[in-house]
Structures are given as C-alpha cells and as structure tokens.
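Here are some notes for a colleague who is opening this structure for the first time. Please read them with the model on screen.

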Amino acid sequence: MSLGRQISLVVNGEKVSVLVEDHWTLLRFLREGLALTGTKEGCGMGECGACTVILNGKPVNSCLVLAVEAEGADVKTIEGEGKCQDEGTPHLSPLQQAFIDHGAFQCGFCTSGMIMSARALLLKNPDPTSEEVIEAISGNLCRCTGYKPIVEAILDAARREKSGAAKR
Ligand code: FES
Ligand code: FES
C-alpha cells in the first residue's frame with residue numbers, strides 16, 4: 001500500500017506542503033487536499049476543460065496531471081483569480097466581472113475552467129483577437145451559453161484590464 005508523498009508547491013501565491021497519494025491527480029489534490037473546490041470535475045478524461053488550472057503559466061487539464069508532477073510548480077486556480085489584481089484582497093477580477101456583465105454563464109459548471117483558460121491567454125496576450133480567444137477556449141466545453149457571450153466577455157475583460165493598466 002502506498003504511504004503517499006509530501007509535495008510542496010505554490011498555489012495562488014501561497015506555499016503549500018501536503019501529503020498526497022501517488023495516484024492523486026492535481027484536480028483531486030486541489031479539491032480534497034486543499035479544499036479548493038472552485039476547480040470542477042466534469043469528464044475526468046481531459047475532454048471538457050472544466051478542471052482547467054494554470055500550471056507554470058500554461059492552462060492544463062488538472063484531471064490529467066498527477067499531483068506529484070506538480071512538485072515545485074506554480075499553480076493558479078479560480079480562487080486566485082479574484083485576488084490577482086490587488087495584493088491578496090479578495091474581489092472580482094475584471095475577467096470575472098465581465099462574465100457577469102455579459103451573462104457568460106448559466107449553470108456555471110464550465111466557468112472556472114473557462115476563466116482560467118482566458119486568464120492564461122491574457123497573461124501572455126493582453127490584447128487578443130476574437131479568433132485567438134476562440135482558440136484559447138477551444139478545449140473548454142459549455143453546454144449552456146453558445147459561447148458568444150463568453151468570447152465577448154473575454155474581449156471586454158482584455159479592454160478593461162488594458163484601460164485599468166493605463167490608469168495605474
Ligand atoms: S474534468 Fe478534466 S477535462 Fe473534463
Ligand atoms: S454555463 Fe453551463 S456548461 Fe457552461
């Protein structure tokens with residue numbers, strides 16, 4: 001029987017060290033090991049994108065990554081999104097606010113993963129075209145919205161973040 005392994009990594013800017021089973025996915029580690037339940041499990045097979053988090057700057061399906069593979073990594077989840085703009089004070093980010101303003105979710109099950117894919121895009125490309133947004137969320141399935149409000153929300157968030165950055 002496996003005794004598990006201690007892994008240390010940075011999650012949403014905070015250093016954590018947790019004992020995990022060798023077979024645990026990063027998704028399970030986040031939800032059960034850290035009680036960060038904002039990351040959702042949909043298919044559990046890398047097909048729906050509901051479990052998307054940002055691992056060392058890149059969006060990944062956390063159901064396909066073993067927790068032990070994330071040793072020493074930098075991970076960002078939806079719980080870190082609200083505080084990414086402002087020294088740890090929880091509040092909605094422009095991206096989250098734009099999703100609300102554009103009605104970019106209904107049941108909301110895809111939303112955490114969708115926002116993390118969008119965040120990964122905006123981190124490397126703060127001024128994307130609609131085609132680039134569509135490409136960035138191509139691995140995230142939404143059964144409710146028809147995608148149009150999601151794409152509009154992400155483009156609007158990019159504009160809001162740009163004008164916010166210009167004012168600072
Ligand atoms: S739960 Fe990971 S891709 Fe669907
Ligand atoms: S809002 Fe329901 S799956 Fe996307």
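1. Start with the cover over helix α1. The buried residues of α1 are covered by elements that include β1 (5–11), β2 (14–20), β3 and β5. Helix α1 itself spans residues 26–33, and its buried residues include Leu 26, Leu 27, Phe 29 and Leu 30. Keep in mind that this is a predicted model. An α-helix has 3.6 residues a turn, so residues three or four places apart point the same way. After α1 comes Ala 35, with a positive phi near 60°.

2. Turn to strand β3, residues 52–55. Is β3 covered or open on its faces? Both faces are covered. Thr 52 and Ile 54 are buried on one side, and Val 53 and Leu 55 are buried on the other. In a regular strand the side chains alternate between the two faces of the sheet.

3. Which strands pair with β3? One is β4, residues 58–61, which pairs with β3 in the antiparallel sense over four bridges. Here Thr 52 stands opposite Asn 61 of β4. Another is β5, residues 74–76, also antiparallel to β3, over two bridges. In this pairing Leu 55 faces Val 75 of β5.

4. Look at the turn between β3 and β4. The two strands form a hairpin, with two residues between them. Asn 56 sits in that loop. Its phi is positive, about 50°, although Asn 56 is not a glycine. Is Asn 56 buried or exposed? Asn 56 has 52% relative accessibility, so it counts as exposed.

5. Compare Asn 12. This residue lies in the loop between β1 and β2. Asn 12 also has a positive phi, near 50°, and is not a glycine. Asn 12 counts as buried because its relative accessibility is 15%, and buried means under 20%.

6. Check Lys 76, in strand β5. Is this lysine buried or exposed? Lys 76 has 16% relative accessibility, so it counts as buried.

7. Now the largest nonpolar core. It has 24 residues. Which of them touch the most other members? They are Leu 95, Phe 99, Met 114, Val 133, Ile 137, Ile 150 and Ile 154. Helices α3 (94–101), α4 (111–124) and α6 (148–167) each supply at least two residues of this core.

8. Follow Ile 154 for a close view. Which residues does Ile 154 contact, leaving aside neighbours within four places in sequence? The contacts are Leu 95, Phe 99, Ala 118, Val 133 and Ile 137. A second, separate core has 20 residues, including Ile 7, Val 65, Ala 67 and Ala 70.

9. Leu 92, Ile 100 and Phe 105 make a nonpolar surface patch of about 260 Å². Leu 92 lies in the loop between α2 (78–81) and α3. Leu 92 is partly exposed, because its relative accessible area is 42%.

Terms used:
Residues are numbered from 1 along each chain as its sequence is written. Chains are lettered from A and ligands numbered from 1 in the order in which they are written. This is a predicted model: local features need pLDDT of at least 70, side-chain atom pairs count only at pLDDT 80 or more; totals for chains, interfaces and linings use all residues. Side-chain values use heavy atoms; hydrogens and water are left out. A nonpolar core is a set of buried Ala, Val, Leu, Ile, Met, Phe, Trp, Tyr and Cys residues joined through side-chain atoms within 4.5 Å. Buried means under 20% relative accessible area, exposed over 50%, partly exposed in between (1.4 Å probe, protein chains only). Contact means heavy atoms within 4.5 Å. Two strands pair if DSSP finds at least two bridges between them. Patches are made of residues with over 30% relative accessible area and no salt bridge: like charges are joined within 9 Å, nonpolar side chains (Val, Leu, Ile, Met, Phe, Trp, Tyr) within 5 Å. Accessible areas come from the Shrake-Rupley method with a 1.4 Å probe; for residues, only the protein chains shown count as cover. A salt bridge is a side-chain nitrogen of Lys or Arg within 4 Å of a carboxyl oxygen of Asp or Glu.
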